[in-house]
Amino acid sequence: MRTDRPPRARRSLRVVLAEDSVLLREGIVGLLDRCGHEVAAAVGDAPALVAAVEEHAPDIVVTDVRMPPGFQDEGLHAAVRLREERPALPVLVLSQYVQRAYASELLDSGDGTGVGYLLKDRVGHVEEFVDALCEVADGGTVVDPEVVRQLLRRRRDPLERLTPREREVLALIAEGRSNGAIARALVVSEAAVGKHVSGILTKLDLPPAQETHRRVLAVLAYLRA
Amino acid sequence: MQPRNVWQAMSRTGFVLSSWPWRSAAYLLTGAVTGAVALVGIVVSAVAGGVLAVVLVGLPLLVLTALAGLPVARVERYRLRMVDADPVPGLHRPPAAPGLRPWLATRLRERATWRELGHALLFAGLLWPVDALAVTVGLLLPLSVAATPLLMATAGDGREAKVLKQWTVTDWPAAFGVAALGLLLMALCAYVLGVAAGARAELTRLLIAPRDAELDARVTELARSRVRLVDAFEAERRRIERDLHDGAQQRLVALAMTLGLARLDAPPGPLADRLAKAHDEAGLALAELRELIHGIHPEVLTDYGLEAAVADAADRSAVPVDVDLDLPGRLPGSVESAAYFVVREALANVARHSGADRAAVTGRHRGGRLTLEVRDDGRGGADASAGSGLTGLADRVSVLDGRLSLSSPPGGPTLLRVEIPCERTDRPAPAAPCA
């Protein structure tokens, strides 16, 4: 869903970016700048990321999974560590691959709010990317549709108990959408979505608590299934 | 052509005047000395070990005695080169890991060690006196006969000399006659030395460096080179994956990003449409490249190990897969990789050919063995040899001393089982191959 209007800037975010490819780093800096966000620091490896967060106390961290020195999952681990130290720090992780293991590790850190896990390709869809960034900065949970699609293929308990429609709704919740947005996406009434959501929460045996929190738990259940 | 050993040398003319008789004598002489030293060493350590065994201190000494064959055989193999130019291969395997314990475990378990101990005992108990006797008869006897005139001039004051302490000669012509006889005897004894040394060398070779070992060594070397080849193949896959990831993929993402930004700026119209098309194409290219890279070597396997990678493969399968793995820790890289690709190929076959509604993967690591099973409820009748990718994977598993078996009766169910012996490693990074 793309339009020709310029991306809206809900509020200007101070971002610390970690990406080892200079080409991409510059690109993302330019992109964020273009959309009215400020990149406080753009670094190329995990230790520098931790240091930059110390120094700049940003609104959100955007990091690549694979970075020097080991070129494995340093970026992800740095993000998880950062969240252990500052549970309120929103983190958006970009990955070349959809990996449930990465997503689980990330969502397990903190209470699962204010985190995002996106395929790197998404930065190409400028608006969606920036929307996701704001969503995460506002404490939302954003999981790449590709991860969700992969999970949907797994027809295992407890998700087997869900109807196809409920699974669709859960997939959209996992993408961080509100009931209103889900209703629009599925072309149904918001009340109907609300019914599906409570159906999902009941079937997944989620304890009654604050609605947002339960929604996050539903996503987590989804990812760990 | 130079003679390769003392036997060949003896069959040629000029043996007597060549270096071979002296080499034979040196071989026998050093043999006598080595044997005597070995006898003393073995007896001392065995007795001390036996006595001290009561207070447990002696047990290591007894182990040391059992390993006495190793240094003796080493010296013997070295000495063998004096009279035998053929290669003298050792029979020992390299230990599985560095350190004293793995070395001891390997040595105490292999046959070569006990064979060498037997050789050392025979050598220390019986062979070295024979060596000494041969050298005495073959070298000292003719030398002392030939030295008669010298004896007469010195010890006998020019009047008499004893030949071999038996016969007495009293005049110079007789002395020189005996000396001439001594020289003749020396020529004869050169052959005695050659035969003795040759026989001893053959016996030593038979006991501690049989010629079959050359074949064994070549087989071992072949097996090792096969492992190296697989490891190199594996490393190459990783390198290609990394290169694509760091190069083409990043550039494509950057391209998609540039196109995405350009679309924001483009006014509606044909240009915007073309930009949109280019943007979508870039997205598709990225998706394809990602799948390709994943097929070459999945990142999750490197980062999280076999359990996560198999779960990931199950996620991607078109047929629902129940995964039940219990594989804590990490396994050697080549094992993880082989096992993962077997599972992936098996799941691909399930989706393509079996017509199954459901598949299951189970995996355990017990008693130094990784066992993975992939079963499905399909129609069966799968044939591993019928040009499927499984043949190549079976080869890959066999390089790791593993086994791949397939049971697929017509009507199903199909069960594929792979077993690979391996130990857990606690490596954090994709480390060296387990050769």
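1. Of the 225 residues of chain A, 50% count as buried, where buried requires 20 or more other C-beta atoms within 10 Å of the residue's own, exposed 12 or fewer, and partly exposed lies in between, with C-beta atoms placed from the backbone. This is a predicted model, in which local features need pLDDT of at least 70 and side-chain atom pairs count only at pLDDT 80 or more, while totals for chains, interfaces and linings use all residues. Residues are numbered from 1 along each chain as its sequence is written, and chains are lettered from A and ligands numbered from 1 in the order in which they are written.

2. Chain A has ten helices and six strands; helices (H or I, at least four residues) and strands (E, at least two) are DSSP runs, numbered from the N terminus. Among contacts in chain A with a separation of 6 or more, 65% join residues 24 or more positions apart. Two residues are in contact if their C-beta atoms, placed from the backbone, lie within 7 Å.

3. A:Asp64 carries the UniProt annotation "modified residue: 4-aspartylphosphate", from an unreviewed entry. UniProt positions follow the numbering used here, feature names are shortened, and annotations may be inferred rather than shown by experiment. The residue A:Asp64 sits in strand 3 (residues 60-64) of chain A. A:Asp64 counts as buried because it has 28 C-beta neighbours inside 10 Å. Beyond its neighbours within four places in sequence, A:Asp64 is in contact with A:Ala18, A:Glu19, A:Asp20, A:Gly75 and A:Leu94.

4. Two backbone angles in chain A deserve a check. A:Ala57, not a glycine, has a positive phi of about 40° and lies in the loop between helix 2 (46-56) and strand 3 of chain A. A:Ala57 counts as exposed because it has 12 C-beta neighbours inside 10 Å. A:Val187, also not a glycine, has a positive phi of about 55° and lies in the loop between helix 8 (179-186) and helix 9 (190-203) of chain A. With 6 C-beta neighbours inside 10 Å, A:Val187 counts as exposed.

5. The contact between the chains takes 28 residues from chain A and 34 residues from chain B. On the chain A side, helix 1 (22-34), helix 4 (100-108) and helix 6 (145-153) each give two or more residues. Helix 1 of chain A supplies the largest share, five residues. By class, the chain A side divides into ten nonpolar, nine polar and nine charged residues; Ala, Val, Leu, Ile, Met, Phe, Trp, Tyr, Cys and Pro count as nonpolar, Asp, Glu, Lys and Arg as charged, and the others, Gly among them, as polar.

6. The largest nonpolar core has 118 residues, and A:Leu133, B:Ala339, B:Val342 and B:Val343 have the most contacts inside it. Such a core is a set of buried Ala, Val, Leu, Ile, Met, Phe, Trp, Tyr and Cys residues joined through C-beta atoms within 7 Å. Helix 13 (residues 333-354) of chain B gives the most to this core, ten residues. Neighbours within four places aside, B:Val343 is in contact with B:Val310, B:Ala313, B:Val361, B:Leu372 and B:Val374. A second, separate core of 32 residues includes B:Tyr27, B:Val83, B:Ala120 and B:Ala197.

7. In chain B, the axes of helix 2 (residues 20-52) and helix 6 (residues 111-146) come within 7 Å and cross at roughly 145°. Axes are lines fitted to C-alpha atoms, for helices over the stretch in contact, with angles from 0 to 180 degrees between N-to-C directions. The contact of helix 2 with helix 6 of chain B has 17 nonpolar, three polar and one charged residues.
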